[in-house]
Amino acid sequence: MPRVIPLADIPVTPAAEAVTKVRISRVITRERCGSNLLLGASWMDPGEQTNTWSSRAANDMAEGDHWYGAVDETYFIITGHLRLTWDEGVLELNPNDCVYLAPGWTYHLENVGTEPAFFVYSMTPSPE
């Protein structure tokens, strides 16, 4: 059945505890909603960067980085200017951009703007 889950009701995971090393709230999860899709929100201050993460089939990550396994991921950028670096290039992300991150690649994200960034992300299958 449909559910409304206000973002304000979900605690923010501090950067030091988050798998990508930036603040996140995982709103729609398998545990909370029984969903195969994860929906979350992320906040990044100017200059802040994630660790590197991979959606390859096999774990190829170094210590401190994160492996999700083969997942599809999307972003919707609400505020801020981000730079997404992946195996074969760089993408500049701005407000109202939608981004698809295909499985099988390694990624890194940085807030290259002068204001905080806020974006909504989804991932399937849900890692939690």
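## Basis

This is a predicted model, in which local features need pLDDT of at least 70, side-chain atom pairs count only at pLDDT 80 or more, and totals for chains, interfaces and linings use all residues. Residues are numbered from 1 along each chain as its sequence is written, and side-chain values use heavy atoms, leaving out hydrogens and water.

## The largest pocket

The largest pocket holds about 200 Å³ of space. A pocket here is an open set of points on a 1 Å grid over the protein atoms alone, where a 1.4 Å probe fits, with protein on both sides within 12 Å along at least five of seven lines. Its volume is the space filled by probe spheres set on the points. Lining residues have an atom within 4 Å of a point.

The lining has 13 residues, and Thr-13, Arg-26, Thr-29, Arg-32 and Glu-128 are the closest to the centre. Two elements, β1 (23–28) and α1 (30–33), each give two or more residues. The largest share, three residues, comes from β1. Strands are DSSP runs of E, at least two residues; helices are runs of H or I, at least four.

## Thr-79

Thr-79 belongs to strand β5 (residues 72–79). This residue is partly exposed, at 31% relative accessible area (between 20% and 50%, with a 1.4 Å probe and protein chains only).

Leaving out residues up to four places away in sequence, Thr-79 touches Pro-95, Glu-115, Pro-116, Ala-117 and Phe-118 (heavy atoms within 4.5 Å). A polar atom of the Thr-79 side chain lies 3.5 Å from the backbone oxygen of Pro-116. Ala-8 is 71 residues from Thr-79 along the chain, and their C-alpha atoms are separated by 18 Å.

Terms used:
Polar contact = N/O pair within 3.5 Å; in protein donor to acceptor, adjacent residues only side chain to side chain.
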